[in-house]
Amino acid sequence: MDEKKDSQGTRPGAQEKAADEARLKERISRIGKKILVLSGKGGVGKSTVAANLALSLAAAGKKVGLLDVDIHGPSIPVIMGLVGTRLDAVEGGIVPAKVGANLKVMSIGFLLQGEDDAVIWRGPLKYNAIKQFISEVEWGEIDYLIVDSPPGTGDEPLSVAQLLGEAQGAVIVTTPQRLAISDVRRCISFCRKLALPVIGVIENMSGFVCPFCGKRIDIFKSGGGEEMAGSMGVAFLGRVPIDVDIVEAGDAGTPYVEAFSESPAAQSFAGIVEGILRQVGDSEGNQSVASSRKGETTVKLAIPLADGSLSMHFGHAQEFALVEVDREKSEVLSMVTLSAPPHEPGLLPRYLHENGANVIIASGMGQRAQGLFSENGIEVVTGVAAGSPEEIAQQYLSGSLAAGDNICDH
Ligand code: ADP
């Protein structure tokens, strides 16, 4: 009675709304797994985690979108070195910024003129902005969308969760102090009310690893996040220590996990990413060894050693056994032992590649490191429990090498 209807009997605006909803649904249907990164409050490293999670997934060969809808503090453009990026628009919508071959980035920061712009926005405007960031952005077909959500448990993260529909879940970032725990509890209750699965909790800024002696100092205490995760019945994904390079890399727009891949914090990230992949059912921990390197007769295995047998983490290996095997004749052709190279970002995969290795056998390895090995043409077999290099080579040849879960000791 109060509003006129068009020829189909629908109210003007209702059609537009339906088209909007349809567009949103269509966009979302092309996104594989959606992961929200949440925190009880700002400044705990939520954006740092979101950015490094996206980078790690992209490095592992996944097609990834990173969406920053942290309206009041969009820091992704800075962390990713994308400040001043101008975005193109095509028929399908806004084209996100690209970082490398696999990562598309969209941030509310690209569209704000000044830092304080969004602060004055009222609720509906914020909701619509968040909505457009999903429905008007040309994400294309992607395996993962990582969403850096606004902190807290207010209307903004609620909008994000509702707009995304069914998501794989939320990763909650906290710091170790007991004071932060009540924020995380609220975050978990928030997810439960929304039926949003909690993938797990990350304790960031958890201790400081001395770059000189490697000793760990728990500046803000440690373990609060883990204790709380246990008591709330959610998974604990791991601790990331304080690392001054994270701040510097973040301020300089250098992707931290790439530039400092061998650092304790990057190794923690790698373990965390693996835990997340496992939780969302995308773990490649169980590999079929028999199918590896089809068509190649001679293969050189690299086996990380500590005290003469398989090291529980390749990053801590003292030596590497390089075992050349003939897969057709099922024979070990040669074996040499090399000392491990110095700990420098990206050096180990290159070093092993230069020494002719094409398969590395490890008990545990983070996703990021696996990506670096595959970039160097080295296949990774993880989850191997123990053994001398000779035993492992024989098991590899006989097809009885037990590659189980990736046992990452970080
Ligand atoms: P949030 O998104 O929760 O507000 P940010 O990711 O922007 O937090 O991080 C806040 C600040 O803390 C940034 O300067 C960032 O570089 C720094 N930071 C985050 N994690 C760490 C860490 N593990 N070690 C050192 N600095 C960190």
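Helices (H or I, at least four residues) and strands (E, at least two) are DSSP runs here, numbered from the N terminus. The model is predicted: local features need pLDDT of at least 70, side-chain atom pairs count only at pLDDT 80 or more, and totals for chains, interfaces and linings use all residues. Residues are numbered from 1 along each chain as its sequence is written, and side-chain values use heavy atoms, with hydrogens and water left out.

Start at the ligand. A shell of 16 residues surrounds the ligand, each with a heavy atom within 4 Å of it. The closest are G43, K46, S47, T48 and N204. Four elements each supply at least two shell residues: α2 (46-59), β9 (198-209), β11 (236-242) and α8 (244-252). By type, the shell divides into 7 nonpolar, 7 polar and 2 charged residues. Asp, Glu, Lys and Arg count as charged; Ala, Val, Leu, Ile, Met, Phe, Trp, Tyr, Cys and Pro as nonpolar; the others, Gly among them, as polar.

Now look at the oxygen atoms of the ligand. A polar side-chain atom of T48 lies 2.5 Å from one such oxygen. The protein covers 81% of the 560 Å² of accessible area that the ligand has on its own (Shrake-Rupley method, 1.4 Å probe).

Return to K46. Its side chain meets that of D148 in a salt bridge, 2.7 Å from N to O. K46 is in helix α2 and D148 in strand β7 (residues 142-148), so the pair links distant parts of the chain, 102 residues apart. The structure holds 14 salt bridges (a side-chain nitrogen of Lys or Arg within 4 Å of a carboxyl oxygen of Asp or Glu).

Key: Polar contact = N/O pair within 3.5 Å; in protein donor to acceptor, adjacent residues only side chain to side chain.
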